[in-house]
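My notes follow in the order I made them.

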Amino acid sequence: MADTPAEHDFAVSWSEPRRGAARGSRRWVPRLATLTTATPPPTRLFPTLQAEDTRVTIIPNFAHIKFDFISGECGPFEPGLPVEVPLWLALTLKRQLKCQVTTPKWLEIDELRSAIDAERESTGFGDKVPYHYLEIASMLLNGAKEDIANQDAIRTAIEDLKDI
C-alpha cells in the first residue's frame, strides 16, 4: 500500500532549476520531502530538568529589573527583598555570590518528619513534598550549603523518606 499524505507529514523546499533548463528560466521547482516526526522523550526520564523549574525563594544582594525567560519573567530584584525564581536561576546566582537561598518550608526537618509519619501510615505524603523532592533536595543541599541549617538531619530524613 502506498503512503498517502495523510500518513506522513511533508515539507516543501524550493530548489533552483536544473542545469538543462531553458535559458532565462527562473522557475523554482518545489521538492517534497517527508519529515521525520520524533516524539518527545518521556518526562520521567528527565526529572532533574523538571526539578530545576521548581520555584524557590531567594534574597538577592543586587538590584535589577525583571529578567524575561522563555518560562516567564523573574524579578524585579531589590537587595534584601525575597523573590521567587526557578531553582536553576537561584543556584546560578548563588554560585555568583549574588543571593542567599531561603530553605523551602517542605525541606525543614519538622515538615520532613511529618511527611515520613504520613507515609508510614500509608496516607501518602501528598502535597507535603514536591514530586521531584529527591532532585530538588540534592541540588539545594549541594549548591546552597551555607544557606541550609541542619543539613545532616535533612539528608537523613530525605533518605528515610526515599526508603519507605
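Is Glu159 buried, partly exposed or exposed? I find Glu159 partly exposed, with a relative accessible area of 39% (buried is under 20%, exposed over 50%, partly exposed in between, with a 1.4 Å probe and protein chains only).

Ground rules. I am reading a predicted model, where local features need pLDDT of at least 70, side-chain atom pairs count only at pLDDT 80 or more, and totals for chains, interfaces and linings use all residues. Residues are numbered from 1 along each chain as its sequence is written, and side-chain values use heavy atoms, leaving out hydrogens and water.

Salt bridges. I count 5 salt bridges, taking a side-chain nitrogen of Lys or Arg within 4 Å of a carboxyl oxygen of Asp or Glu. One of them joins the side chains of Glu159 and Lys162 at 3.5 Å, N to O. The two residues are 3 apart in helix 5, about one helical turn (helices are DSSP runs of H or I with at least four residues, strands are runs of E with at least two, both numbered from the N terminus). Lys162 is partly exposed at 41%. Salt bridges with shared partners also join Lys94, Glu146 and Asp147 into one network.

I then looked at Glu146 and Lys94, whose side chains meet at 3.5 Å, N to O. Glu146 is in the loop between helix 4 and helix 5 and Lys94 is in helix 2, so this pair ties together parts 52 residues apart in sequence. Glu146 is exposed at 63%, while Lys94 is buried at 10%.

I traced an open sheet of 3 strands in the order 6-3-7, with antiparallel pairing (two strands pair if DSSP finds at least two bridges between them). Strand 6 and strand 7 are the edge strands. The twist averages 45° from one strand to the next. Helix 2 packs on the sheet, touching strand 3, strand 6 and strand 7, and its direction makes about 105° with that of strand 6 (axes are lines fitted to C-alpha atoms, for helices over the stretch in contact, and angles run from 0 to 180 degrees between N-to-C directions). Strand 3 and strand 6 pair over 4 bridges, and I see Val56 opposite Val85 in strand 6.

Definitions and conventions: Contact means heavy atoms within 4.5 Å.
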